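Student: I would like to go through this model with you, one local feature at a time. Could we begin once the sequence and structure are in view?

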Amino acid sequence: AAGESSTAAASGEVALAEAAGEEAAAASGAPPTAEAPKEWRPGPRRVWISASRSTVPEGAMPLKGLLYAPCEDGHESPVELAHGPNLQSVRLPLERTFPEAVKLRAGDGTPPDPGPCCLHGLRIEPVKMRDYAWSAEEPSPLWNHTRPEDGCAFDQLLEGDAVLMGHLRPVVQVVCGEAFERRTMAIDVEHCPTVEAAVRHIVQELGCEPTMGLARDGRMLPGSFELYKCHGDVNLTVVVLGTIDAQATTACCGVPVQGVKLELGECLAVSGEDGRIAMAATTGFQVLRARRMGGHIHQQPVTVVAHEHTAVNVPVSPILYVFAEAAAWNEYGEAMPREIWVTGDLGRVPRGAEPVRGMLYLLKSDGCEMSELLFGGDVPQAVYLPLEKMAKGARCPLECIRVEPADNLDYAWHPSRPMPIEERIQAEGGCELSRLLSGPPLSVGTLRPTVRIQCPNGKVMKVDIEEFPTVQAAAEHAAQVVGSSRTTIHLQQNGRILERDRRLGSCHGGPMVMSVALPERYVNPVVG
C-alpha cells in the first residue's frame, strides 16, 4: 500500500494512502460552459468529496475552506483545504482522529481497536463567500454512502464514485438598514426569484411591517424584478415604504377611469375598473406621473409617510381623437361614404384610419362657441379640451361638442342629427368622457363623395354620387336647378360630352364637370 501510495503521489493523482494517514479531495462544481445560453442565470454549484481523481467531475474547481474530521473525544479536528489554481488533495490527521493508528505505525504490534471509521463523520465547511451560501446535505451523504457496518469508509471511497456533500447556492446580499441594526441577509435567488418574494422573506425573518422594498444604487426595484440579475452586483438595501392609494377619475365628472398608468421612479402600475391603484413608495416628497395611452403626462407631487396610506386623486384630462374611415370603393370602383368618428382612447383608433382636418366646436361658459383646430396630418392627433373654459352644468360638459371638417372639393359633410353625443348624454346621463374612453368610437357624421358640376349660369354645386349615380340623373338635376329642358342639358369633362348612361362616380376626384345646354340634334356624345 505504501509503495502504491508513493507511485500515485509521484504521478500527481488524488488517491493517496499512507501508513500515517489518508487523504481525500474536495471540489466544487464547474461554472457554466461556453454552450450556456446567452443570458446566464446563476445556479447552485455542487460540492463533492472523492478519494480518487478518476471520480472527480470534469471541469471541477478546488474549494477553499475547512474539512472537519471527528475525534475520539467528541470534538472535530479542522483541516484546511488546499486552495490554488489546480485541484489538490488534503491529508487527514489520523493521529488526532484515530490514535490507535499511531500505535500501529510505531510497530508495537498492538492491533487497533476496530471502531467505526473516522471518515464516516467527515463534513465540509467552505469559506464564506459574498455571492454563494453553503447548504450541506442533511443527513450526511458520506454517512449514507459509506455504511459503518461495511468497514473502512476510505476503502469504499477508493472503489466508489465521488460523494455529493452539498451545494453552494447563489445569493444576493441585502442590507437591512439602521432600523434593523444594519443587519445583512443573504437571499437565495432560487428560493426568492423576485424582489417581491425577497421582501416577503425579509419581513418573515425580521417580523416587521410588510411596507418595505429593495433598492439598488439608490433606485427602487419593482416587485417583479428578477433577483438573479443582482447576483454578483452591489448590495441591495431595504427601504421602508409608505403606500399611495391613487384613484384615476375623469377631470370633468369624477368618474373612475381604467387603464391609467402610474409611474413612481422605477415602479409602474395600471388602474383597474374602479380606477384605483395602490403603490408602495419611499418616504418623503415624491412626484407621481400618470398617463393614459395617447394622453398628456400628469405630474402630481405627494408626500409619503412610512407605514401610512396617502390618498391621491389623479384627474384624466379630456382628450379626444377625431378620425375618418379609410377610403373604400364599391363594385363599380367608385368612392364610398366615409364616416367620421370620435373616441377618447387612441388604442381604439382602427388601423388605416385617417386624420380629419377641420374644427372641433365647444360651448363656453358664457354660451358662445369656441373652436379647437383639427390639424389633420398623417395620424390622428389628440385634441385637448380646455375644461376650465367649457360650460359647466348638471350634465357632462362634453354634451355640446360638434365636429366640422374642412371644406373638401370631393366630399360633402353630413353631420348626424341630432348630435350623437348630445343625444346619448340626454338619454343616459353620466360622463361622456368615460364612455368615450372605455367604449367604442362614436360616429358623428358622414363625408359623402360628390362631383362638382358648374351650371350654365355659373353656379357650382356638389352632386352626391349615391343620390345621382349616373350622368343622366345628374344632368336632369342640373337642368332642374337652372330651369332648362332636361333634354338640352348635357355634362362634359375635359371638353368631352359624357354618355348619359355613364356612372357619375367615375368623375369623382377629377376636374370639374361642366353642364352645357345643347340642342339634341347637335349632340354627338363621346365617351370620356
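Student: How many aromatic pairs does the count come to by the rule for ring centres?

Tutor: This is a predicted model, where local features need pLDDT of at least 70, side-chain atom pairs count only at pLDDT 80 or more, and totals for chains, interfaces and linings use all residues. Residues are numbered from 1 along each chain as its sequence is written, and side-chain values use heavy atoms, with hydrogens and water left out. Rings of Phe, Tyr and Trp (its six-membered ring) pair if their centres lie within 6.5 Å, planes under 30 degrees apart being stacked, over 60 edge-to-face and the rest tilted. By this rule the number of aromatic pairs is 0.

Student: Which residue lies over the face of Tyr332?

Tutor: A charge sits over a ring if NZ of Lys or CZ of Arg is within 6 Å of the ring centre and within 35 degrees of the ring normal. Lys229 lies in this way over the face of Phe225, at 5.7 Å from the ring centre. Over the face of Tyr332, at 4.0 Å from the ring centre, lies Arg503.

Student: Is Asn494, with its positive phi, buried or exposed?

Tutor: Most residues other than glycine have a negative phi. Asn494 has a positive phi of about 60 degrees although it is not a glycine, and its place is in the loop between strand S31 (489-493) and strand S32 (496-497), strands being DSSP runs of E with at least two residues and helices runs of H or I with at least four, numbered from the N terminus. Buried means under 20% relative accessible area, exposed over 50% and partly exposed in between, with a 1.4 Å probe and protein chains only. At a relative accessible area of 62%, Asn494 is therefore exposed.

Student: Against which strands do the buried residues of H6 pack?

Tutor: Helix H6 covers residues 195-206, and Val195, Ala197, Ala198, Val199, Ile202 and Val203 are buried in it. Contact means heavy atoms within 4.5 Å. The buried residues of H6 pack against strand S10 (163-175), strand S11 (184-188), strand S12 (212-216) and strand S14 (236-250).

Conventions:
Expected span 1.5 Å × (residues − 1).
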